[in-house]
Structures are given as C-alpha cells and as structure tokens.
Amino acid sequence: MNGTVRAEGRFVFHALDWPQDTNNTVPLKPSGSIGAVCPERLCASLKGAMMDNRFATALVIACVLSLISTIYMAASIGTDFWYEYHTLSPAENVSEAGRSIWEEFVSKDADEKTYTDALFRCNGTVGLWRRCITVPKNSHWYSPPETDMTTNCISFSLSDQFVEKYIEPGNHNSGTDLNRTYLWRLQFLLPFVSIGLMCFGALIGLCACACRSLYPAIATGVLHFLAGLCTLGLVGCYVAGIELLHRKLPLPEDVRGEFGWSFCLACVSAPLQFMAAALFIWAARTNRKEFTLLKAYRVA
C-alpha cells in the first residue's frame, strides 16, 4: 500500500510496509518519539536498522584495530631493535680489542657472554631473531681507526633459540638457569602464537561475513583476546629476561641500555588486540540479545 505520512507539513514518508487499515495521515507528537508516530512493523524496521548501524560501526573499528595490531606485531618480530646498547666510542673499543670482536661475534662457538660483551662495546642491538653490532667498514689490522661505521648482524639459529642458559653466562659448568632458559624460549614462541591466533580469527571473521551472521564474531573476539595475552606475555618475558641477564652481566659504566622501538610496537599491539576483542564480543553478544528481543516483540 502506497500511503503518505504527513507531520505538520514538515516531513513526508512513504510507508510501504504499513498495515492495510492504517490511515493515510498520522499526526506527529511534538516529542518526536518513534513509537508514537509509526505503526508496529515500521517501528521494528527502524529499530533493526539502527541496531545494524551500531554493530556495523563496531565491527569496522574492530577490524581496523586488528589490522593495525597485526602490522605492528609483524614489524616488531621482523626488526632488530628490541633492546639497544649505546657506548661513547665504538670505534675505539673495536681498535682496543684487536679488531677481533666481529670474528668472535659471528663464530658458531660464541657463547652468551662473548656476544653480549660485543653488544656492550659496539653499540649493539638485539631482536628476537638477530643480534647486531656497529663496526668500522674496513677492520683490517693494518688500517688506521675509522669513523665510518657500519652495522653488521647475525641471526640466531633455531638451536640458539632453545639452547640452555647458564647461571654464569659463558660457564657451562655452572648449571642451567631455568628461569632465563624458559623466558628465552617463550619470547621466541609467543609472538608466533599471537600472529597465528589473529590470522585464525580473521579467517573466522571472513566466514561470518559469508554467512551474514555476527555469531562467529564471538570466536573472533576470544581469539583476539588470547592473542593479546600472548603479546602481553611476550613483553613481560622479554623484560624479565633482559633484567636477569643484566644482573649476571652488569652494564659497563660507559654503556647505556634501553628498550628500542621494536619493543614499543609490541607494547602498543597488545592493547589494540584487547580493544578489538572487546568490540567483536560486544557486537556479537548485544546483537544476539537485541535480535531475540526484537523477534519476540514482532511475534507478540
């Protein structure tokens, strides 16, 4: 039925879904209440549209937060600036050490104390996968000291990630330090668990879009929450591991250590994951509850 609703000469609505016995003209009350100006079927349609807009906005924001956190997490895993050491004169340190620091640093037999001392003396940086030091470009024994420096890196092998840490770094006879050993292993495993959970959550979200249902968004939110816990655990394990290492090997007086921007990206990623999880779960649960109430209202 093509009826027209006129409200004091200001608004005109084409009410295609109105019942057959509805009058053509319905006066509006000054309060502007939807329930006071429209029939039951039209009110239900308007309320459903408003609910869909709210949930769609929440889901879009959650997806954006999830994407940003994934980018931050991937960038932090792939870069080498989780912790940085700054010394006053790395070129002089290399010269005084007989220019053998790089050979010891890249050696397969280099233990934790050896490469940590090199990091202290040569403006080193440490990531989850690699360690880097700053050395002169030309480090031959017959060359004079240079101020032109370059950064060289070496990757941790898979066996290095699971190697035991000792109570006295570099001393194999001092016994295993279980705290540092498991902290090191967790800081290697947790970021991949976090990324995997977020990717699996994204896959469930795509399935939800294909099914045109918000119910799977609850699972997506739960997976993002678990990913945030893994990221938070990664940050905590890394901080604890660095502090325990510096208790065993204190920083020299002319060396300053600080957390780098890769570590900061991981710190920012965790709250983004928690916020995305909260929005996914809220949208799914609230939509399900209001849809049930709306359905009961229509039946009544």
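Modeller: Helix α2, residues 40-78, supplies the largest share of the nonpolar patch, 6 residues. Helices (H or I, at least four residues) and strands (E, at least two) are DSSP runs, numbered from the N terminus. This is a predicted model, in which local features need pLDDT of at least 70 and side-chain atom pairs count only at pLDDT 80 or more, while totals for chains, interfaces and linings use all residues. Residues are numbered from 1 along each chain as its sequence is written, and side-chain values use heavy atoms, with hydrogens and water left out.

Biologist: Which residues make the nonpolar surface patch?

Modeller: Val-60, Val-64, Leu-67, Ile-68, Ile-71, Tyr-72 and Val-268 make a patch of about 580 Å². Patches take residues with over 30% relative accessible area and no salt bridge; nonpolar side chains (Val, Leu, Ile, Met, Phe, Trp, Tyr) are joined within 5 Å, and like charges within 9 Å. The areas come from the Shrake-Rupley method with a 1.4 Å probe, and for residues only the protein chains shown count as cover.

Biologist: Why is Ile-71 called partly exposed?

Modeller: Buried means under 20% relative accessible area, exposed over 50%, and partly exposed in between (1.4 Å probe, protein chains only). Ile-71, in helix α2, has 48% and is therefore partly exposed.

Biologist: What makes a set of residues a nonpolar core?

Modeller: The set must consist of buried Ala, Val, Leu, Ile, Met, Phe, Trp, Tyr and Cys residues joined through side-chain atoms within 4.5 Å. The largest such core has 38 residues, and Trp-82, Tyr-85, Phe-105, Leu-119, Ile-133 and Tyr-238 have the most contacts inside it. Its largest share, 9 residues, comes from α8. A second, separate core of 11 residues includes Ala-58, Ala-62, Leu-65 and Leu-272.

Biologist: What does Ile-133 touch?

Modeller: Contact means heavy atoms within 4.5 Å. Not counting residues up to four places away in sequence, Ile-133 touches several residues, including Ile-101, Trp-102, Phe-105 and Leu-119.

Biologist: Why is the pair Lys-113 and Asp-117 called a salt bridge?

Modeller: The term requires a side-chain nitrogen of Lys or Arg within 4 Å of a carboxyl oxygen of Asp or Glu. The closest N and O atoms of Lys-113 and Asp-117 are 3.0 Å apart, and the pair forms a salt bridge. These residues are separated by about one helical turn because they are 4 residues apart in helix α5. Lys-113, at 35%, is partly exposed, and Asp-117, at 26%, also counts as partly exposed.

Biologist: Are Arg-180 and Asp-177 buried or exposed?

Modeller: Both are buried. Their closest N and O atoms are 3.4 Å apart, in a salt bridge. Arg-180 and Asp-177 are linked with Glu-112 and Lys-248 in a network of salt bridges. The structure holds 6 salt bridges, one of them between Glu-258 and Arg-256 (3.0 Å, N to O).

Biologist: How do you know that β3 and β4 pair?

Modeller: Two strands pair if DSSP finds at least two bridges between them. Here 2 bridges join β3 to β4 (residues 125-126), and the strands run antiparallel. Val-126 in β4 is the bridge partner of Tyr-83.

Biologist: Why do β6 and β7 stand at the edges?

Modeller: The open sheet of 5 strands has the order β6-β5-β4-β3-β7, with antiparallel pairing. β6 (149-155) and β7 (255-259) each have a single partner strand, so one side of each is left without a neighbour in the sheet.
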